[in-house]
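Biologist: Could we go through this model together? I would like to start with the strands and then move on to the helices and cavities.

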Number of protein chains: 2
Amino acid sequence: MSGAEGPTPVVVLVGPQLAENIGAAARAMLNCGLDRLRLVRPRHGWPDPDAVPAAAGAGAVLDRAEVFADTAAAIADATRVYATTARLRDMIKPTVTPREAAREMRRLAAAGERVALLFGPERTGLDNDDVVRASRIVHVPLNPRFSSLNLAQAVLVLAYEWRLAGEAEVPRRRDPKSWERGATGDELANFFDHLEEELEAGGFFEVPAKKPAMQRAIRNVFSRAELTEQEVRTLHGVVTALVGRPRRRREDS
Amino acid sequence: MSGAEGPTPVVVLVGPQLAENIGAAARAMLNCGLDRLRLVRPRHGWPDPDAVPAAAGAGAVLDRAEVFADTAAAIADATRVYATTARLRDMIKPTVTPREAAREMRRLAAAGERVALLFGPERTGLDNDDVVRASRIVHVPLNPRFSSLNLAQAVLVLAYEWRLAGEAEVPRRRDPKSWERGATGDELANFFDHLEEELEAGGFFEVPAKKPAMQRAIRNVFSRAELTEQEVRTLHGVVTALVGRPRRRREDS
């Protein structure tokens, strides 16, 4: 892809179990002009020679694959994250089809945003903590009685739609000003850390068993808002102002 | 598929070499609501237990697969034949994309035509004698430098387009439960009042001239998130926890 069209989406496979699926995913990606692959804790380690035959000539994609210890690290530089899932989650978040996602991703890439596409492990799919990091859920509208796609097939559907969406699209690239670019995964994670640390101190998570669900609910609100880098800084300021007020008073007294 | 929509297309795999590709093709078909599979001279005979794992639950498609000695027999009852190929042939025949083919096939099926989709062997693709039997060539518009799709991936692309061509609208929202309903303007305004009052007290708006712009920036984050009523209540709790922490401490001391 030329620079004029912006960066191509990164494909992130979270916890892939079978090396041949990684290879087949790499092949499907390259079929559609995508070549940036990231792996989060591949079950059998990496590099894995068993991935090579299924890649069938897309070995360069495997060679350049990057490995990460967790999803947060894999999307740390992404400014927009899409989570693919077969199940419709009990989570309030915009859900789009692969075709809608592809059109959006083309526009985002043309505007210089860094897009990541998340795929979960073969058996279980993405867990809720990973889905919640995304601003959108991508749901492939399949046979409701048999909707579980093979991992590489899911990658293909997204990559194929990405490719086709580019045939019509007129690229109109504009460098986003730094303050209006989307916040990266890392910046968002830092904000969650800040907020949750203060909430913890404030006794918000008083029932430990409920903490994960409450965390997810709150993170979901902010990830859905597709925050800019500037907005994340503003929100840090909001949290600091809220907790700082009585501290100042205490100093006064 | 209901009878009103006509017969679904038959997928014909000519000379498939790998049983796992047959299984994966069956899975992709059923994912998209297709279940009529025909095999022409599968290399390792039929039935083949090696096809079962890749079918991953679509075993019924394999069980009902029919085997033929040649392509002519496999498409004997078909009234329209589409030949898929990665190479653009030196053959005068209308060439369509999978998306165009899918729309045509839907119209044909609705009119009672019996449609067959031909796929060639993994290594070589369909030979010209088979392509010539078709009324249309289907060409998947992929990366011209790496256009060879895995067999099951090619089946998926056609089956996926077939499925989407039949879906005017994808149901993607459940009926919201009461706590999932969108927050009203009133509820949102109450939250803004709460938040901004506490921010004011925390010295967040210390430059009065900047206050309106800062308010707008913060409100914009939350209004863009399309909050539910439950989420607004959670956010009230977040603000209260953040400002309440030192209050509790003060009471303790």
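**Strands, helices and cavities**

Modeller: In chain A, A83(A) stands opposite L118(A), a residue of β6(A). This is a predicted model, in which local features need pLDDT of at least 70, side-chain atom pairs count only at pLDDT 80 or more, and totals for chains, interfaces and linings use all residues. Residues are numbered from 1 along each chain as its sequence is written, chains are lettered from A and ligands numbered from 1 in the order in which they are written, and side-chain values use heavy atoms, with hydrogens and water left out.

Biologist: How many bridges join β4(A) to β6 of chain A?

Modeller: Four bridges join β4(A) to β6 (residues 115-119) of chain A, and the two strands run parallel. Strands (E, at least two residues) and helices (H or I, at least four) are DSSP runs, numbered from the N terminus. Two strands pair if DSSP finds at least two bridges between them.

Biologist: What is the strand order of the open sheet in chain A?

Modeller: The order is β3-β2-β1-β6-β4-β7-β5 (chain A), an open sheet of seven strands with parallel pairing. At the edges stand β3 (66-68) and β5 (95-96) of chain A, each with a single partner strand, so one side of each has no neighbour in the sheet.

Biologist: And what is the order in chain B?

Modeller: The seven strands of chain B form an open sheet in the order β3-β2-β1-β6-β4-β7-β5, with parallel pairing. Its edge strands are β3 (66-68) and β5 (95-96) of chain B, each of which pairs on one side only. Within that sheet, four bridges join β1 (residues 10-14) to β2 (residues 37-40) of chain B, which run parallel. V12(B) stands opposite R38(B) of β2(B).

Biologist: Which strands does α1(B) lie across?

Modeller: Helix α1(B) lies across β1 and β2 of chain B, running at about 155° to β2(B). In chain A, helix α1 (residues 19-31) lies across β1 (10-14) and β2 (37-40), at about 155° to β2(A). Axes are lines fitted to C-alpha atoms, for helices over the stretch in contact, and angles run from 0 to 180 degrees between N-to-C directions.

Biologist: At what angle do α1 and α7 of chain B pack?

Modeller: Helices α1 (residues 19-31) and α7 (residues 151-165) of chain B pack at about 10°, with their axes 8 Å apart. They are therefore roughly parallel to each other, a term for angles under 35 degrees. The contact (heavy atoms within 4.5 Å) includes A24(B), A28(B) and M29(B) from α1(B), and V155(B), L156(B) and R163(B) from α7(B). By class, that contact has nine nonpolar, two polar and one charged residues. Ala, Val, Leu, Ile, Met, Phe, Trp, Tyr, Cys and Pro count as nonpolar, Asp, Glu, Lys and Arg as charged, and the others, Gly among them, as polar.

Biologist: Changing topic, how many cavities of 30 Å³ or more are there?

Modeller: There are nine cavities of 30 Å³ or more. On a 1 Å grid over the protein atoms alone, a cavity is a set of points where a 1.4 Å probe fits but cannot get out, and lining residues have an atom within 4 Å of a point. Grid points are joined across faces, edges and corners, and a volume is the space filled by probe spheres set on the points.

Biologist: How much space lies in the largest cavity?

Modeller: The largest cavity holds about 140 Å³ of space. It is lined by 17 residues, and T79(A), R133(A), A183(A), L188(A) and S223(A) are the closest to its centre. The lining has eight nonpolar, six polar and three charged residues.

Biologist: Which residues are closest to the centre of the second largest cavity?

Modeller: Those are F222(A), V238(A), F222(B), V238(B) and L242(B), from a lining of 14 residues. The second largest cavity has a volume of about 100 Å³, and its lining has 14 nonpolar, no polar and no charged residues.

Biologist: Last topic, where does P47(A) lie?

Modeller: P47(A) lies in the loop between β2 and α2 (52-55) of chain A, and the peptide bond from W46(A) to P47(A) is cis, with omega near 0°.

How values were computed: Parallel < 35°, antiparallel > 145°, perpendicular 65-115°, else oblique. 1 Å grid on protein atoms, 1.4 Å probe; cavity = no way out; pocket = protein on both sides within 12 Å on 5 of 7 lines; lining within 4 Å.
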